[in-house]
Protein chains: 2
Amino acid sequence: MVSLNALKGFVGKENVLSTLEDRICYAYDGTKQKYIPDVVVRPRSTQHVSDVLRFANEHEIPVYPRGAGSGLTGGAVPVQGGIVLDFTHMNKILEIVPEDLTATVEPGVVTQILQNEAAKYKLFYPPDPASAAFSTIGGNVAECSGGITGLKYGVTRDYILSLEVVLADGSVIHTGRKTLKSVTGYDLTRLFVGSEGTLGVFTQITVKLLPLPEKIETLLVFFATPQDAVRTASLIISNNLLPRALEFIDKSSIDCIKGYKQEVQIPDEVNALLLIDVDGKETSVKAEISLIEKIAMENQPLRVVSAKTAQERDTLWEVRRVISPALYNIAPFKINEDICVPRSRILEALNRIAESHKRYPSLKVANFGHIGDGNIHVNIMYDEGDKQRMQAENMIEEILRTTVELGGTISGEHGIGNVKSAFLSLEIPPQELRIMKDIKHLLDPKGILNPGKMFV
Amino acid sequence: MVSLNALKGFVGKENVLSTLEDRICYAYDGTKQKYIPDVVVRPRSTQHVSDVLRFANEHEIPVYPRGAGSGLTGGAVPVQGGIVLDFTHMNKILEIVPEDLTATVEPGVVTQILQNEAAKYKLFYPPDPASAAFSTIGGNVAECSGGITGLKYGVTRDYILSLEVVLADGSVIHTGRKTLKSVTGYDLTRLFVGSEGTLGVFTQITVKLLPLPEKIETLLVFFATPQDAVRTASLIISNNLLPRALEFIDKSSIDCIKGYKQEVQIPDEVNALLLIDVDGKETSVKAEISLIEKIAMENQPLRVVSAKTAQERDTLWEVRRVISPALYNIAPFKINEDICVPRSRILEALNRIAESHKRYPSLKVANFGHIGDGNIHVNIMYDEGDKQRMQAENMIEEILRTTVELGGTISGEHGIGNVKSAFLSLEIPPQELRIMKDIKHLLDPKGILNPGKMFV
């Protein structure tokens, strides 16, 4: 049992939550799993984090760092009880240095809030996970989040310059430098990025910012077949264009959003959508949008809708944003997969998913995602009851095996957590897995940091 | 002593060089150090590399992977004798997949040759080290090379998707996936990128490519003071522009290139240059170049020269390219430092270097480099003799200490090697260093891989 008095001594009693009502709030994340922690600690400083970890390590108590709890693979769920470290109070933007194109933040900063502050200096933080309005930078770094801008701008790991990390034993280390380049020693920064809270706990994060694009324009293109949409996406890239976003939405996803809050009317004959953002200087955006419209028009679109103002763009993007919640209209349970294949294999991946679906006809399947990156979110919806759940799990396993066969990865951007840890070995061979576990053991010999995640 | 027969058995006698004449060719790299290896092995396959490493590990023989030997920190120099692994023959571009925006190459491919091949598909590999015409991708990955495009496009680590690596014991592992995103397990790929041949030997490298920019234009701006140049560089970035290249050249460097092969006439009153590339769609390049010209004109330039054709660009860039060889006109020896500071500290760094120089008036100092990244190549030239060499080394130490004080890094892009290993602890604290050494020990317990590099 965790000593509440010791924890209160470290962080103050107002930062320790121990009633059942409070703890239940920390039992969940985006996966709808439920594991109630023994206690929740809300640190306000690096020293707090250090004291708590040193204590937890001495007493071998599991610790789970938690940002907004919006993760989709169980990263923040306290599967073995113990202490949840809630970073709600460590939410300060410590500095934005426009001349250096950097910002240093505490991990609890909500990603969109950093965006808003950076925008005041005409700068932006390029990674843009769909959860940006509520997820935190700390969570983004832990999972190496992607998002809709990955094709043009890359992912979280490409923008992290420097980290302050508290190790399992409470010691505080600093990785990288607040410079745009550094190759001094091994790249510990990127070892921690995407380590899902299993190697250390971030207390400060320095990110690289870029100049805010002058202009963003959006196109929504309706297609009669997914083949037309996939071909158009490929042609956009082979015509030397790199859109800010290139999103695909399939028929099942479209069906879900109909009837949901929706301002864009989508006719029944539409079986696939592409949603495309182009950014840059005003003149080049205009030229690129025209070229994309031309490419789309040559590939049998049913309709092309364009948006030039922020409000018009918002209306088109609403189509994409509502998919995830709207999917619950079909069935009460959902598994949101996150496969990524080489772009040339996307159509094959979609076909193989459809084949697999035929073997489980009672399940509902909807595919959408970042087609520009080859990153498809396969959503399997199912009803209550063991039979459907097991079918969904079997279908997931088929899809993950197919993905690896096609040269893809079982997680493009959501991470492994406890949800996919059983499948890690589908992709990672034994020796590579051994190296990862050895590194884990090196940094967290007692295994107190987010146990039960990444590895089984 | 290394058994030549065993090595010949693994790779064939035609791939083993053992005469003194041959071995002397492998004693050097870009640092002009001289250490003659016992033997040179030129593998032609992953199996060759694996067999040689397994054998070397069993017999505890040092192994030094070598690309073009153009490194500037001694990465390829066989400081403890043993086997040089020369990748000259593993120089195949295995595939370029335009639809996936990827290329897979063997490590001995010269970077420019990959660029030329990618250009046939209207693609490019963004990192552009000054050595691209002769350095290899394997060497670039080992050192995490930067180059002139870092500000806009990032560095080598941002473009490596997947690696085949032979470990010290001869086993072959694969990291990452050939997908634009992957977050499955820890990021072993980037642990190897920049590890300077001390953790494993690459045998296949998959890189991310981008669409080739439609247009590149170049400006060369002459200034009367370095302050004017540095201020102009800052204003370019604070005006929301991200040039493809933003290079600074100081008075001493300018003096060196005068009299060297040179088509651009530089008047005596010029004390600093900025060399700027802008790329993108033709319309946006035009707009950005105009804006940069306007910013330059408002900051007392002595002259602005622009280049629109490839040939004109080449003439302007010749000014930058000849600096490094031209520096030997001043003195026979050179130390080429590679510091990187937050961009806002550049002027302070230059001032502190000038102060330090006053203490060593007999040395010659020239500064140039990637001012857009805060990455300055400080070149200290000196004559033969211990006294000057020791002064140069003392001055280097002062500069590296200053750099760390200013929040900078002792290596922006050249690596540590054996040249800077004594200074690693100026920047990396003991615990972080301990973690790096533990990782080294984990992957190379007998220390056969590039011993004497990175760590002292």
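View 1. The model is predicted: local features need pLDDT of at least 70 and side-chain atom pairs pLDDT 80 or more, while totals for chains, interfaces and linings use all residues. Residues are numbered from 1 along each chain as its sequence is written, chains are lettered from A in the order in which they are written, and side-chain values use heavy atoms, without hydrogens and water.

**View 2. The aromatic pair A:Phe10 and A:Phe55.** Over all chains there are ten aromatic pairs (Phe, Tyr or six-membered Trp rings with centres within 6.5 Å; planes under 30 degrees apart are stacked, over 60 edge-to-face, the rest tilted). The A:Phe10 and A:Phe55 rings are edge-to-face, 5.6 Å centre to centre with 65° between the planes. A:Phe10 belongs to helix α1 (residues 4–11) and A:Phe55 to helix α3 (residues 46–58) of chain A, so the pair ties together parts 45 residues apart in sequence. Helices (H or I, at least four residues) and strands (E, at least two) are DSSP runs numbered from the N terminus. A:Phe10 is partly exposed at 24% relative accessible area, whereas A:Phe55 is buried at 9% (buried is under 20%, exposed over 50%, partly exposed in between; 1.4 Å probe, protein chains only).

**View 3. The aromatic pair A:Phe124 and A:Tyr153.** With ring centres 5.3 Å apart and planes at 85°, A:Phe124 and A:Tyr153 are edge-to-face. Both A:Phe124 and A:Tyr153 are buried.
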